[in-house]
Amino acid sequence: MLNFLKSFRKAEENQPDAFREAVSIKYNRFRSLLSMNNRVLELMADMEEKLSGEYLFDRQYITSNTRSISEGVLTIIQELNTLSGNKYKEFFGLHDEINKEIESILKQKPDIPVSDFTLPLESLSTGMSNIAGGKTAHLGEIKNLLNLLTPDGFAISAHAFKKFMEHNELADKINDKLSLLNINDMDEINKASGEIQEMITAAEVPHDLRDAINKEVESLKLKVKNSSQFPIPSSRLMVSVRSSAVQEDGEFSFAGQYSTFLNVPSDFILQKYKEVVASLFTQRAIFYYKTKGFSEEEMVMAVGVLEMVNAKAGGVAYTRDPNDRANDAVIINAVRGIGKSVVDGTVNPDSYTVSKTTGAILEKRIANQQVMLVCDPEGGIKEIEVPHTVKGRPCLTDEEIRELYRYALILEEHYGIQQDIEWAIGMDGRLYILQSRPLRILKGADEETKIPRKIEGFNILIDKGVIACKGIGAGNAFVIRNEDDLKNFPEGAVLVAKHTSTKFVTVMNKASAIITDVGGATGHMASISREYQVPTILDAGTATSVIRNGQEITVDAVNCNIYEGKVDELIAYALKKKEPFKDTHLFKALERALKRIVPLNLIDPEDDNFKPEYCKTFHDITRFAHETAMAEMFLVGEGHDAGKSRTITLAAGIPVNAHMIDIDGGIKTGLKKAAPEDILSIPFFALLNGMKSMRWPEPRAADAKGFLGMIAHTASIPEDDIHKTAEKSFAIVSGNYMNFSIRLGYHFSMIEAYAGENINDNYIKFFFKGGGAAADRRLRRVRLITEILKKLDFRVNAVQDVIDAVLTKYRLETIKEKLEIMGKLTAYTKQLDMVMYNDAITDWYIEEFVKEHIKEQSIGNRE
């Protein structure tokens, strides 16, 4: 920098403005660096906030924010090198290294193996999930290795999906629509969903894929004809066309998110294939995969085509009670006809409990089933009334229950984990396994035994039902009458509905509990509610008639009670709920990515390790660049015979070591030191008036906890060194402009303002980044500053210990008044977080400042 100054000495002799012009150019680089530094810190703070697990975000949020941080840090490196004469070029290599590691963490492109377009069930096993999808691959293994009866059929492979997408050039079109979606905007998701599904269903199935499917259909017709006990015309093969996504039925269930079509005539398989593929992008499926952390590229759909079982009974079996680990039993839910109404939760099923150890039937709960689903001879399924002769009677015989129990134990033993099994008993009396996947059991589901069975003094509205997910929830009831109501579902409400629906997944992040009149614990929605850890009571019978919309209720989904009003004793248990998103790949990817972004290893500029070679993260680079850039600007005023090139020292009688550069008429000329009366800059003069009017405190007496918290935060810096942290502050001023970077201890703030006659040009910007004390005290200081700024009409964004505030379009006199108050606030808050040991004392300090320093007239004069 000394060479930089010397190069201007001769120029200054003949061109008096040359230095200021050079400083202006340099300052523009400095200002760009500061602006980008603030932006990067805001992004970091926002991403750190997501680590609480309380906020909903998708992979696009991580990808776009990490990209913005990376690009911002690169800009900072470029500006630093411009300021310093390329002293820090090594940061370009470090940036590239960190960026590649983050990209590697976030990159998730699936490997789709090349395979035949279709594969018969006899050729499949669990290890082929990436070829045939988890659902169909598992079914192949059940048929081939366990020799349990399944429908005949075949898979349309993941490779076929890739061929279909490439043939119609769909991938890029879909990614363009999905990449920038706001995951919290259901209307936006619904619009994109409809457009994508329309594109897919209108697309052409490539000729070679069509030929392969048709050939496999003919082969299936022959198998069914030879194996069926009931002769069927070869031209009337009826099948189910079932989703079998590569990610389905694995670590994440995707239960009920995709389409399955039942009793489909073979002539319609190609169209139904496209509709199943399109169901990858229903509103609920998009919401599910994005909140679970999957990218669009990972959404790969294989499809299973199976002989349709014309069922006399069907349902679901669990090899363990998902809500009671102590209940070592097989739970069977069954209905007459096709079992779809069990998994959909639209009919209350019969429920059978079988001892796992003895095989004894422990309990039978027989529902009064009124309607049933059956196959329509023309295709599809239809609802008919249950024959009067069997109404109210068990839909399964004891022999059938025991056979289901035996199948269930075989499947659990084979897979080594509890199973969720879909089954059907055909008109031929044989038991078919349709699907088997891991059963989701909520961690800690049996830990609520301490919750009282009944809370005295509160009215119980409903005390019956089936618990699908244990827990406690409370809020205002939101009664769903139709699916459109979901768009208006408020945060923290209790969802009350007639039937269960997998579409409820789109509000499960908001719901404090779910209650339905009808439904069983083995349905798809029940599985998803356990996945999202939403307390859920199904089969409550009269919830939609007893509970009023908007009524405050408390749901005890441990003892199956629904209370009128807010029951604080129970709500205390609800606060212990673990955030479900912390277990997702998405959350873990965020944690891993942030390890190369956020940790700060460079704490104290005076330490020996405050050097580029000790930078390990993006935060380290920004910290070093910020401090170094300020130092480079300070060097502008140093050097032998620098004359006007020296910075001007502020002599204002306040404990701020401030150095100033006058760009254009901000300070009286010819001075090395400037008193307040020498300041011509309108905004800087107003700020100094406020700072001078206050009695600047010595370090306030901190309690031991506050002091130790500061010590811990600053890497155990000795107390003597802490008092040395009043580093230089820096001001660049003109007649109407100022940018004042203030360093007070471990806190940094920047006040930028323009104050002129044109009201549209006037503004004040304020940026604050805290440090030094323990986290709770730093956040109290942030709250204090935030509340006071709001009193001054600032628009304030506060995330963690970062504040970014702006005030625009006020008249000149009002801008000056507010800057004077900002000067007072700077003095008032010096080291204040050290004594803010609780919220009450923070409130007292806020009230004290507002009462003493903010007048009514400072809140007006805005257009």
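Colleague: How many bridges join strand β8 to β9?
Modeller: This is a predicted model. Strand β8 covers residues 350-355. β8 and β9 run antiparallel. Ser351 stands opposite Arg365 in β9. The number of bridges joining β8 to β9 is four.

Colleague: Which strands are the edge strands of the open sheet?
Modeller: Six strands form this sheet, and their pairing is antiparallel. The order is β9-β8-β7-β6-β12-β13. An edge strand here pairs on one side only. That picks out β9 (361-365) and β13 (431-438).

Colleague: By what angle are neighbouring strands of this sheet turned against each other on average?
Modeller: Take the sheet with the order β9-β8-β7-β6-β12-β13. Direction is ignored for this angle.

Colleague: Which helix lies across β6, β7, β8, β9, β12 and β13?
Modeller: Look for a helix at residues 398-415. It runs at about 140° to β12, which spans 419-426. That helix is α14.

Colleague: Are α3 and α4 roughly parallel or antiparallel to each other?
Modeller: Helix α3 has residues 59-84 and helix α4 has residues 90-106. They pack at an angle of about 175°, with their axes 10 Å apart. Angles over 145 degrees count as roughly antiparallel. Therefore α3 and α4 are roughly antiparallel.

Colleague: How many charged residues has the contact of α3 with α4?
Modeller: From α3, the residues making the contact include Arg59, Ile62 and Val73. From α4, they include Phe91, Phe92 and His95. By class, nine are nonpolar and seven are polar. The number of charged residues is one.

Note on methods
Residues are numbered from 1 along each chain as its sequence is written. This is a predicted model: local features need pLDDT of at least 70, side-chain atom pairs count only at pLDDT 80 or more; totals for chains, interfaces and linings use all residues. Side-chain values use heavy atoms; hydrogens and water are left out. Two strands pair if DSSP finds at least two bridges between them. Helices (H or I, at least four residues) and strands (E, at least two) are DSSP runs, numbered from the N terminus. Axes are lines fitted to C-alpha atoms, for helices over the stretch in contact, and angles run from 0 to 180 degrees between N-to-C directions. Contact means heavy atoms within 4.5 Å. Angles under 35 degrees count as roughly parallel, over 145 as roughly antiparallel, 65 to 115 as roughly perpendicular and the rest as oblique. Ala, Val, Leu, Ile, Met, Phe, Trp, Tyr, Cys and Pro count as nonpolar, Asp, Glu, Lys and Arg as charged, and the others, Gly among them, as polar.
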